[in-house]
Amino acid sequence: MEVAICATYDELSKLAAEAVADVIRKKPNAVIGLATGSSPLGLYRELIRLHKEEGLDFSRVTSFNLDEYVGLSGGHEQSYRQFMNKNLFEGINIKMVNTNVPDGLVKDYKAFCKAYEEKIAAAGGIDVQVLGIGSDGHVGFNEPGDSLASRTHTVTLNEQTIKDNARFFERKEDVPIFACTMGVGTILDARKCVLVANGRNKAKVVAVMIEGPISSMCTASALQMHNDTMVFLDEDAASGLKLADYYRWIQKNKPKAPK
Ligand code: F6R
């Protein structure tokens with residue numbers, strides 16, 4: 001994993017957006033994987049700025065979101081479809097028909113999940129996947145104990161995740177308890193991963209993800225097995241890392257590193 005420790009959330013968001021934009025500039029018909037939540041909001045704001053001010057073109061881009069709550073329609077204001085429309089899609093020139101978010105109202109999830117995987121494969125696979133990390137170590141909605149080889153599937157959300165996400169709902173009881181998520185295996189198939197994390201409440205789990213053993217107790221730790229993952233952190237989220245000074249040293253010397 002390549003770890004970039006940034007002074008501010010703004011800086012980490014800009015660097016992470018640049019990593020995504022770079023893929024799109026090199027491959028205008030890129031397939032991008034997207035996450036919801038607070039962490040990538042700055043990254044999405046920067047992608048919108050790059051589109052509006054620097055002409056970053058999404059007209060041939062296809063997107064696949066990581067997850068959706070089971071039980072919420074795409075029109076529900078807390079659905080991840082709405083989140084993506086508001087926070088990214090409406091600010092760029094992606095064609096809505098090329099955006100994919102798992103459906104929250106499906107009768108046969110087994111068939112739906114299989115079709116979602118097939119659609120990703122038919123699009124040529126994911127070129128760059130945006131990720132956050134949950135305070136329980138989840139990536140996508142792959143909760144502790146979930147298989148590190150999993151494909152798109154439904155999950156029962158952990159009590160901690162329900163508590164964390166209650167901030168977006170009127171009452172904790174309104175948070176759905178099931179979700180549909182790309183699996184860890186699906187995520188590891190992405191050619192590049194860009195994970196963003198900020199704030200002191202992520203420090204412990206970020207250290208486990210980067211420096212702990214690979215374990216389903218922190219599904220994000222599976223990214224240690226991925227050969228092109230960039231992690232963008234602010235100082236608070238990086239505060240639990242034992243090798244923080246080494247990661248800073250690597251970044252400082254990156255311009256001189258052998259190509
Ligand atoms: C969301 C997702 C989750 C979030 C994680 C962190 O699509 O897949 O893994 O990235 O729960 O959420 P925030 O950024 O709100 O702390």
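Student: How many residues surround the ligand?

Tutor: Keep in mind that this is a predicted model, where local features need pLDDT of at least 70, side-chain atom pairs count only at pLDDT 80 or more, and totals for chains, interfaces and linings use all residues. Residues are numbered from 1 along each chain as its sequence is written, and side-chain values use heavy atoms, with hydrogens and water left out. A residue is near a molecule if one of its heavy atoms lies within 4 Å of it. The closest ones here are Ser-39, Asp-67, His-138, Gly-140 and Lys-202, and the number surrounding the ligand is 14.

Student: How far is a polar side-chain atom of Ser-39 from an oxygen atom of the ligand?

Tutor: A polar contact is a pair of N or O atoms within 3.5 Å. Asp-67 has a polar side-chain atom 2.7 Å from a ligand oxygen, and for Thr-36 a side-chain N or O atom sits at 2.8 Å from one. For Ser-39, the distance is 2.5 Å.

Student: How are helix 1 and helix 2 oriented to each other?

Tutor: Helices here are DSSP runs (H or I, at least four residues), numbered from the N terminus. The axes, lines fitted to C-alpha atoms over the stretch in contact, come within 8 Å and cross at roughly 55° for helix 1 (residues 9-26) and helix 2 (residues 41-54). Angles under 35 degrees count as roughly parallel, over 145 as roughly antiparallel, 65 to 115 as roughly perpendicular and the rest as oblique. Helix 1 and helix 2 are therefore oblique.

Student: Which residues of helix 3 meet helix 2?

Tutor: Helix 3 (residues 80-87) packs on helix 2 at about 40°, with the axes 10 Å apart. Contact means heavy atoms within 4.5 Å. Helix 2 brings Leu-41, Tyr-44 and Ile-48, and helix 3 brings Phe-83, Met-84 and Asn-87.

Key:
Axes fitted to C-alpha atoms, helices over the stretch in contact; angles between N-to-C directions. Helix = DSSP H or I, 4+ residues; strand = E, 2+ residues; numbered from the N terminus. Polar contact = N/O pair within 3.5 Å; in protein donor to acceptor, adjacent residues only side chain to side chain.
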